Amino acid sequence: MSKKGLFWVFLVALLVNVATIALAQHNSMVQRIDYLSDTLLIVGRNNFPPFSDYKVSHGKVFLQSVFLKPLQKAMKNHPAKLKSPVFNYNQHPDLDSLAFQAQFGEYNLFIGAYADTKEYKGLDLIYPAVVSNPIHIITLPENAARISDKAALTKFRGLVVDTEIYNNFSKRKIKELNAEHVATPLEAYEKLFTKQVDYIIGGLYYHRIMSSQYGLDPFLSYSKKPLFKIPVFVAMSKTTPKFSLYQKAFQEAFADPAFGNEVKKEILQMVEDVLAQNRGIVPPAFAQAAEPAENKTIDEEVEKQPLGHIIEQKVEEKTFDEVLEGI
């Protein structure tokens, strides 16, 4: 090869090498931890304790969720700021439309989303889901032994509360049971205690919290196994700046068992705190002759195992058992 040819080969090789170094430096800059330094706004579903709910204090409306502290810890290696907006009581948005608003970028993270649910199709679910919402059969103690399998569920009268939200699969399964629908938990408890229905279908955590507000938690019995467990997701708006990088950062954090354990501890603590706060509330007249259920206190559950038996033993991620288990 002539000297001129060698010169051009050398020049091309040099340019390729320079371009490779520049690209590597660019990728390194993009992947740098301090590149993820935005403020991400977190909102959640309303009336979905302990996963997400909105509380009023001193005229302000703020998000309460077992995910908040673990999320802050999960991003400790990044300078991104996770912020939950506080709304004025007289000016807060329609809390039920926050998921829709997140789809269009008004908020970045949304807590309390389900897969296979039309309300959250515009959001990107961050996998894995570290906890599930266990849906149980709730009865009075004298009915617990009689309602032991799916056949019994179809034979006895059940109801479901419309303030709870289910994904499409669980809706189909509940429909098979011909359950009555009522508007509020209190209405459901009254029908149960006055023998108008035999059982309630509902979330274990949700109903322990809601029933305690009326002094009714000590009188309710829960099935030993859930009918099904619905994975609860943190979702991200696809319009979030640096979306793919944040998605990767959260996925890595959620895959760490420490994150799931933190969320579980928060669930136990929140339920325990609510029960303690509501202890001593006199139940409504329709329940004052009821007998307390046995082995129902959070304290006893904590003694049985560190996280309490209200915590899921098997954490489901992308799917859940599509068979109604014996209860």
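**Rings, sheet and core of a predicted model**

Me: How far from the centre of the ring of Phe48 is the charged end of Arg45 that sits over the ring?
Reply: This is a predicted model, in which local features need pLDDT of at least 70, side-chain atom pairs count only at pLDDT 80 or more, and totals for chains, interfaces and linings use all residues. Residues are numbered from 1 along each chain as its sequence is written, and side-chain values use heavy atoms, with hydrogens and water left out. A charge sits over a ring if NZ of Lys or CZ of Arg is within 6 Å of the ring centre and within 35 degrees of the ring normal. For Arg45 over Phe48, the distance to the ring centre is 4.1 Å.

Me: Which residues do ring pairs link into a cluster with Phe48?
Reply: Rings of Phe, Tyr and Trp (its six-membered ring) pair if their centres lie within 6.5 Å; planes under 30 degrees apart count as stacked, over 60 as edge-to-face and the rest as tilted. The structure holds 12 aromatic pairs. Ring pairs join Phe48 in a cluster with Phe51, Tyr114 and Tyr205.

Me: At what relative accessibility does Phe228 count as buried?
Reply: Buried means under 20% relative accessible area, exposed over 50% and partly exposed in between (1.4 Å probe, protein chains only). Phe169 counts as buried at 4%. Phe228 also counts as buried, and its relative accessibility is 3%.

Me: What is the angle between the planes of Phe250 and Phe254?
Reply: Phe250 and Phe254 both lie in helix 9 (residues 243-255), 4 residues apart, about one turn of the helix. Phe250 is buried with a relative accessible area of 1%, and Phe254 is buried with 4%. Their aromatic pair is tilted, with 6.0 Å centre to centre and a plane angle of 55°.

Me: How many residues of strand 13 are buried?
Reply: In a regular strand the side chains alternate between the two faces of the sheet. Phe228, Ile230, Val232, Val234 and Met236 are buried on one side of strand 13, and Lys229, Pro231, Phe233, Ala235 and Ser237 are buried on the other. The buried count for strand 13 is 10 of its 10 residues.

Me: Which residue in strand 13 is the bridge partner of Val131?
Reply: Two strands pair if DSSP finds at least two bridges between them. Strand 13 runs antiparallel to strand 6 (residues 109-113) over 4 bridges and to strand 7 (residues 123-125) over 3 bridges. Strand 8 and strand 13 pair in the antiparallel sense over 5 bridges. In strand 13, Val131 is bridged to Val232.

Me: Which residues does Phe67 touch, not counting residues up to four places away in sequence?
Reply: A nonpolar core is a set of buried Ala, Val, Leu, Ile, Met, Phe, Trp, Tyr and Cys residues joined through side-chain atoms within 4.5 Å. Phe67 is one of the residues that touch the most other members of the largest nonpolar core, which has 88 residues. Contact means heavy atoms within 4.5 Å. With that cut-off, Phe67 touches Phe51, Ile111, Val130, Val131, Val232, Val234, Phe259 and Val263.

Notes. Helices (H or I, at least four residues) and strands (E, at least two) are DSSP runs, numbered from the N terminus.
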